[in-house]
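I opened the model to look up a pocket lining and a few backbone angles. My entries follow.

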Amino acid sequence: MPISIFDIAGPVMVGPSSSHTLGAAKLGAFVRQFSAASLSSCQVVLYGSFAQTYKGHRTDIAIVGGLIGIPYDDERLRNSFEIAREMGFSCEISASESTLYSGNVAAFNIATPDGKSYSIYGESIGGGRINIFKINSMSVDIDGEYPTLITVHKDAPGILAKITQIIASENINIAFLKLFREEKHESAILVAQTDEALPPEAIQRIAGFDLVLEAMFIAPL
């Protein structure tokens, strides 16, 4: 595989670490979009390397910046806690001594505007890249590198076809499609990474389907 200049020089960001700072900011940005940018508070638990080094590497500052919508290359990221307070946003960050996770892992506990609660687990895997690997108790695989549609729905015949039909009706190509579920006919999560962003009207149509509990769009991180 050819080596990119970004593999050598690293991404443009407010430092000091692409794993502990940039990746952390992207995790926060993902959670912000998942909640439709309507969070007023959030609880975050750090595990593994994040828990051990987060103060020195400003992981907490980066996470809060992502949660309140500050781009990771914006100098204001350094003052994210002060800006969050001015916005009335509250974020409680704690470090866990658990050895369950050894990498750069953060668990976000949030409530969406319609009152649903979610626990979102993500990991910074190096070079500013991330992976969301669990939503509530369900294992998922979301990297945030493409425009991404995420639905939480009841596992039932025909629901996948209905969703992909809406995407096709917008003449948008699906790059990757993944479906996650724990049990047949129980809750499922669809992750559709597309070549272009779905318009808000299409997201609303998908959200209006029977058995679809949530539908959200995540812009590339």
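How do the residues of the lining of the second largest pocket divide into nonpolar, polar and charged? I found eight nonpolar, three polar and two charged, where Ala, Val, Leu, Ile, Met, Phe, Trp, Tyr, Cys and Pro count as nonpolar, Asp, Glu, Lys and Arg as charged, and the others, Gly among them, as polar.

The model is predicted: local features need pLDDT of at least 70, side-chain atom pairs count only at pLDDT 80 or more, and totals for chains, interfaces and linings use all residues. Residues are numbered from 1 along each chain as its sequence is written, and side-chain values use heavy atoms, with hydrogens and water left out.

I noted about 170 Å³ of space for the second largest pocket. Of its 13 lining residues, the closest to the centre are Ala29, Gln33, Ile70, Pro71 and Leu221. A pocket here is an open set of points on a 1 Å grid over the protein atoms alone where a 1.4 Å probe fits, with protein on both sides within 12 Å along at least five of seven lines; lining residues have an atom within 4 Å of a point. Helix α2 (residues 18-34) gives the most to this lining, with five residues; helices are DSSP runs (H or I, at least four residues), and strands too (E, at least two), numbered from the N terminus.

Next I checked positive phi. Arginine 58, not a glycine, has about 60° and lies in the loop between α3 (48-53) and α4 (59-67). For histidine 185, also other than glycine, I read a phi near 70°; the residue is in the loop between β8 (174-181) and β9 (187-194).

Methods
Grid points are joined across faces, edges and corners, and a volume is the space filled by probe spheres set on the points.
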